[in-house]
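Trainee: I would like to go through this model term by term and ask what each description rests on. Could we begin with how the chain is divided?

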Amino acid sequence: MASPFLAIDIGNTRLKWALYDAAHPGAALQAHGAEFLDHIERLADGPWADLPAPGSMLGCVVAGDAVRRRAEEQIVERFDCAPRWVVSSAAEAGIVNGYDHPTRLGADRWVAMIGARHRMLDAGPARPMVVVMIGTAVTVEAIDASGKFLGGLILPGHGIMLRALESGTAGLHVPTGEVREFPTNTSDALTSGGTYAIAGAVERMVQHVRSHCGAEPACYMTGGAGWKMAPVMNGDFELVESLIMDGLLVIARERAAGWT
Ligand SMILES: Nc1ncnc2c1ncn2[C@@H]1O[C@H](COP(=O)(O)OP(=O)(O)OP(=O)(O)O)[C@@H](O)[C@H]1O
Ligand SMILES: CC(C)(CO)[C@@H](O)C(=O)NCCC(=O)O
Ligand SMILES: [K+]
């Protein structure tokens, strides 16, 4: 009988977790949550206190070693299961890594691409992809129709952009504004500037992929602030909140198949 599977995504701002009824794509979500990194110690006695014990877990972590260790303490304290973390490699689950040093690619980026590829192939024939993650940092990945990761962009997220402007200028200390085509106050100018900086980078990558691959890419967006970007994106962007969790489920199934 299948046992529950715990998926964990530790970013630079928050730890996201999701418990599924089994370790394969399409498994039913039983519980999920997110904690700011300062609050990881609460997991075992808080949100995880009443969960059924998972038979296995798999995660991706881009925060530092100290954060990863604090998460491992919670996993071991609450559940009798070994912490396992995805490391970016030369190839896994249908994606071939084009990075100069494949292991230096952020594990969250690697897992999100694997989740996106699986979703794209589920929907129809193979196409190139653009995969965008809007978290603490923003990443914009290009993948060709064969599953080769061609390369990607890293840029500051909304929060970092605003804090950089605040600390680097004398006159920019204002509340968050609205996204406007023609902003007429400082708040709107800052919020719109950040949003369109990200949108512009994404549109450029879509152009690069379109001309390099000679086909229209399937475009996916994920990350905690993805819902804020989705409305301003040109073209068909599918917002998939669970892209990293989907990728973890794909990898978990492949590994289980390889080990039996
Ligand atoms: N209204 C806002 N104005 C400016 N920045 C914001 C706003 N809302 C969220 N942010 C910033 O956007 C970033 C991403 O938000 P969030 O923490 O939800 O994403 P995340 O996917 O959990 O990030 P990570 O995976 O990197 O931990 C954070 O750095 C946050 O400070
Ligand atoms: C770029 C971030 C911060 C995005 O979360 C993360 O994937 C990371 O720390 N990556 C390592 C460097 C790289 O991917 O080239
Ligand atoms: K992330």
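Mentor: Domain bounds come from an automatic or database domain assignment. On that basis the protein is divided into domain 1 (5-85) and domain 2 (91-247), and their centres, taken over C-alpha atoms, are separated by 24 Å. This is a predicted model, in which local features need pLDDT of at least 70, side-chain atom pairs count only at pLDDT 80 or more, and totals for chains, interfaces and linings use all residues. Residues are numbered from 1 along each chain as its sequence is written, while chains are lettered from A and ligands numbered from 1 in the order in which they are written.

Trainee: What pLDDT does the protein average?

Mentor: pLDDT is the predictor's confidence in each residue, from 0 to 100. The protein averages 95, and 99% of the residues score at least 70; the model scores ipTM 0.87 and pTM 0.94.

Trainee: How many residues does the contact take from domain 1 and from domain 2?

Mentor: Two residues are in contact if their C-beta atoms, placed from the backbone, lie within 7 Å. The domain contact takes twelve residues from domain 1 and twelve residues from domain 2. On the side of domain 1 that touches domain 2, strand 1 (5-10), strand 2 (14-20) and strand 4 (56-61) each supply at least two residues, where strands (E, at least two residues) and helices (H or I, at least four) are DSSP runs numbered from the N terminus. The residues on that side divide into seven nonpolar, three polar and two charged, with Ala, Val, Leu, Ile, Met, Phe, Trp, Tyr, Cys and Pro counted as nonpolar, Asp, Glu, Lys and Arg as charged, and the others, Gly among them, as polar.

Trainee: Why is Leu6 called buried?

Mentor: A residue is buried if 20 or more other C-beta atoms, placed from the backbone, lie within 10 Å of its own, exposed if 12 or fewer, and partly exposed in between. Leu6 has 28 C-beta neighbours inside 10 Å and therefore counts as buried. Leu6 is found in strand 1, and, leaving aside its neighbours within four places in sequence, Leu6 is in contact with Trp17, Leu19, Pro54 and Met57.

Trainee: Are Ala27 and Ala22 buried or partly exposed?

Mentor: Ala27 has 20 C-beta neighbours inside 10 Å, so Ala27 counts as buried. Ala22 has 18 other C-beta atoms within 10 Å, so Ala22 is partly exposed. Ala27 is found in the loop between strand 2 and strand 3 (29-36), and Ala22 is found in the loop between strand 2 and strand 3. Apart from neighbours within four places in sequence, Ala22 is in contact with Ala2, Phe5 and Ala27, and the C-alpha atoms of Ala22 and Phe5, 17 residues apart in sequence, are 5.4 Å apart in space.

Trainee: What makes Ala93 buried, and what is its phi?

Mentor: Ala93 has 20 other C-beta atoms within 10 Å, so Ala93 is buried. Although Ala93 is not a glycine, it has a positive phi of about 50°, and its place is in the loop between strand 5 (91-92) and strand 6 (95-97).

Trainee: Which residues have the most contacts inside the largest nonpolar core?

Mentor: A nonpolar core is a set of buried Ala, Val, Leu, Ile, Met, Phe, Trp, Tyr and Cys residues joined through C-beta atoms within 7 Å. The largest one here has 65 residues, and those with the most contacts inside it are Ala7, Val111, Val130 and Leu248. This core draws at least three residues from each of domain 1 and domain 2. Beyond its neighbours within four places in sequence, Leu248 is in contact with Ala7, Leu58, Cys60 and Val111.

Trainee: How many residues surround ligand 1, and which are the closest?

Mentor: A residue is near a molecule if its C-beta atom, placed from the backbone, lies within 6 Å of it. There are 14 residues surrounding ligand 1, and the closest are Gly11, Gly135, Thr136, Gly159 and Gly224. Helix 3 (residues 158-168) gives the most to this shell, with three residues, and by class the shell has two nonpolar, eleven polar and one charged residues.

Trainee: What surrounds ligand 2?

Mentor: Among the residues around ligand 2 are Gly11, Arg104, Asp108, Arg109 and Gly135. Helix 2 (107-123) and strand 8 (137-143) each supply at least two residues of the shell around ligand 2, which divides into four nonpolar, five polar and three charged residues. At least three residues come from each of domain 1 and domain 2 in the shell around ligand 2.
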